[in-house]
Amino acid sequence: MKRNAQLTGFASAIRISSLSDEFKHPSTIDTIPPQSKKRKAAEATVASDTLSAQRSSKRIASAAAVKEGPPTPLTTGSPMDSDDEFMSGMSSDEDMLQESDNDDGSADDFGFDEPEPDLGYSQKGAVEKQEKRKFDINYKVYHPEDIQAQQDDLIDEVNMILDIRKEDAAILLRHFRWNKERLIEDYMDRSKKVLEDAGLGPSMTGPPKLEVIPGFMCDICCEDEKGLQSFAMKCGHRYCINCYNQYLGQKIKEEGEAARIQCPADGCKRIMDAKSLDLLVGADLQTRYHELLTRTYVEDKDQMKWCPAPDCTNAIECGIKKKDLLRVVPTVACDCKHRFCFGCILADHQPAPCELVKMWLKKCADDSETANWISANTKECPRCNSTIEKNGGCNHMTCRKCKHEFCWMCMGLWSEHGTSWYNCNRFEEKSGSDARDAQAKSRVSLERYLHYYNRYANHEQSAKLDKDIYHKTEKKMIQLQSASGMSWIEVQYLNSASQALQTCRQTLKWTYAFAYYLGKVNLTAMFEDNQKDLEMAVEALSEMFEKPVQELADSKLKVEIMDKTSYCNKRRVILLADTADNLANEVWTWHPKDLFDYFKS
Amino acid sequence: MAALPKRIIKETERLAREPVPGINAVPHEDNLRYFDVSIHGPQGSPYEGGIFKLELFLPDDYPMTPPKIRFLTKIYHPNIDKLGRICLDVLKSNWSPALQIRTILLSIQALLGAPNPDDPLAPDVAKRWKEDQEGAIATAKEWTRTHAMT
């Protein structure tokens, strides 16, 4: 028994996100301008209120969050009510209240502006239009040609200022890890030492060339035949061209070395420059060499990292320092659409900070917990005890045997879940008296872990199963086009929905790892409310999304899906903004309390 | 087997013609890339008086890659492990194709004279060397007597 197999995943649909950006629902275009003007005005008042810079930036963040998508008056009634209450509760800020009122009043004409889930991250015009959100960070994506151009510019500059050969300028820059200012300063002070340290001896005249020297014997291969071509760098260590070729091949191909290939002589620190290298090896090695050089350029720069997506050749520059990582979760999005954390290179793990992610992953990988979660991977139907493996996205399970409907998370009746007292995401600590008993205590801690782990793994699994959703969505869209006569643009809402599901599940997944390490205080309750709202919205959207094509063609359902999509995105932004804010201000309480102390010290 | 490179022939000839004092390296007749090596423990070291046997193999891409060398005689030394493998920079990252068999063997002999417990291959030996140097040296001497003087 399983969920509708068609709708298994939301994980890999990001690639078409640009489409939804360009082709919004027609009604958006007409109605948005007055709206956004109004909003801009509201933000302006907010910004001018400079009681405290921090506070105002927080407001802007929440205002931006509200702006991104309206609440969804057209969909189910009861969760929305709780949401409005929740939002006013979240911020004591009057502007915030006003904002939500505005939204409620005008939501009808605003209802179709569905943002793509990663709107704030994409490097399109959207970024300029949007106020910066609390959890957004500044970064830039560089393509291979940009990276090359950057290096060339720096090399040219040093070449002109210091009047040295370009090859040598490149070696010097690499030696100084591309810190141009320090290089020039040091070079001015003591050029001889700088050159020596970088592996460039004193004498530097004439271009490199191959020579035939009578009576020469190569110290490496001991060949001494007549007419043997040989080469020496400025250090004067002379070897034959064949040995050089082999030596450089070994270094470049086997060892992946480029920027610091030394002279083959024992103990000689002279560095091989690009021009000499081109003279000594064939085209394939040259290409590889230059590739490796570019790689070291990015690796040498603390503020640059390669995009970890397979086959992506872009690099990202971001000013986040290591010590900031407890307060910021620096998620960046490459032009290839891969979203990852600049701090640890893992896939996007907002809202959890890197250190927490590391601890959580270690804990989950730890053998001691394995046995526990293995038992958690399959469950029995609460009514007929059939063993069930979940292979689909949404948590609303219907037993194929007995038709029992229940929630995969809490195994409770599904009929109890549609209302605002859906409480399935929250772990209730056992009372203090239980804790006194050591056995009970360990059981509680295990239960606590399993509670969060189950929810974490559940979202992760959903995301994994949904890997092929992109094709399925596409197929669905084509089917829908022919079934309903809708145009291609008109069915893009399915694409937006699948993206929203995927992004939100990724966020939800990490909220559970995050919650596991949170102390139980009022802030946490607020966080859990946010989490609950997002999760409910995601499950609802997930269920709508799984409907057969015939039903999807119904325009009422379409509107509902669009509403839910934008609602999910909005809830996600609110959750992330709130968490990021508290993280930046260091107001979270951790469980245990000293969780990050070692990292700070 | 491919013809032996000139470099290896020349090195072998020179090793026979001008042997290094305290070091002996002879290639196998059936495999000229495989050498039986013996090194005398340096004077003033705990290995003095011992003769240590090693095997040395020149891989196909020698001299672009370093020779493979291993102690056959048991030895108590912080940079040499139970299997006789040697931790020496010139055999790894600092290898240069301009180095030769004789220079490498000299480096190994020097390593016997100057153990480096800060860069250990045998952690237990290195630990003892740092905490109880006298005791470690005594053990090294004893091992030399038992294994390297027969």
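Predicted model: local features only at pLDDT ≥ 70, side-chain atom pairs only at ≥ 80, totals over all residues.
From H19(A), the residues Tyr493(A), Ser496(A), Ala497(A), Ala500(A), Thr503(A), Cys504(A) and Thr507(A) make contact with H22(A). On the H22(A) side, their counterparts are Lys558(A), Ile561(A), Met562(A), Thr565(A), Cys568(A), Asn569(A), Arg572(A), Leu575(A) and Leu576(A). Sorted by class, this contact holds nine nonpolar, five polar and two charged residues.

How do the two helices lie against each other? Two packed helices are described by the angle between their axes and the distance between the axes. Here H19(A) spans residues 492–516 and H22(A) spans residues 555–584, and they pack at about 30 degrees with axes 9 Å apart. Angles under 35 degrees count as roughly parallel, so H19(A) and H22(A) are roughly parallel to each other. The crossing of H19(A) past H22(A) is left-handed.

Let's turn to a sheet in chain A. Three strands form an open, antiparallel sheet in the order S1-S6-S5. At its edges sit S1 (139–142) and S5 (304–306) of chain A, each pairing on one side only. On average, neighbouring strands here are turned by 25 degrees against each other, direction ignored. The antiparallel pairing of S5(A) with S6(A), residues 315–318, runs over three bridges. In one of these strands, S6(A), Glu317(A) is the bridge partner of Met304(A).

Chain B is next. Its secondary structure consists of four helices and four strands, arranged along the sequence as α-β-β-β-β-α-α-α. Chain B has 150 residues, and 33% of them count as buried. Among its contacts between residues at least 6 apart in sequence, 52% join residues at least 24 apart.

How values were computed. Residues numbered from 1 in each chain as written. Chains lettered and ligands numbered in written order. Helix = DSSP H or I, 4+ residues; strand = E, 2+ residues; numbered from the N terminus. Buried ≥ 20, exposed ≤ 12 C-beta atoms within 10 Å, placed from the backbone. Contact = placed C-beta atoms within 7 Å. Axes fitted to C-alpha atoms, helices over the stretch in contact; angles between N-to-C directions. Parallel < 35°, antiparallel > 145°, perpendicular 65-115°, else oblique. Left-handed = near helix turned anticlockwise from the far one by under 90°. Nonpolar A, V, L, I, M, F, W, Y, C, P; charged D, E, K, R; others polar. Pairing = 2+ DSSP bridges.
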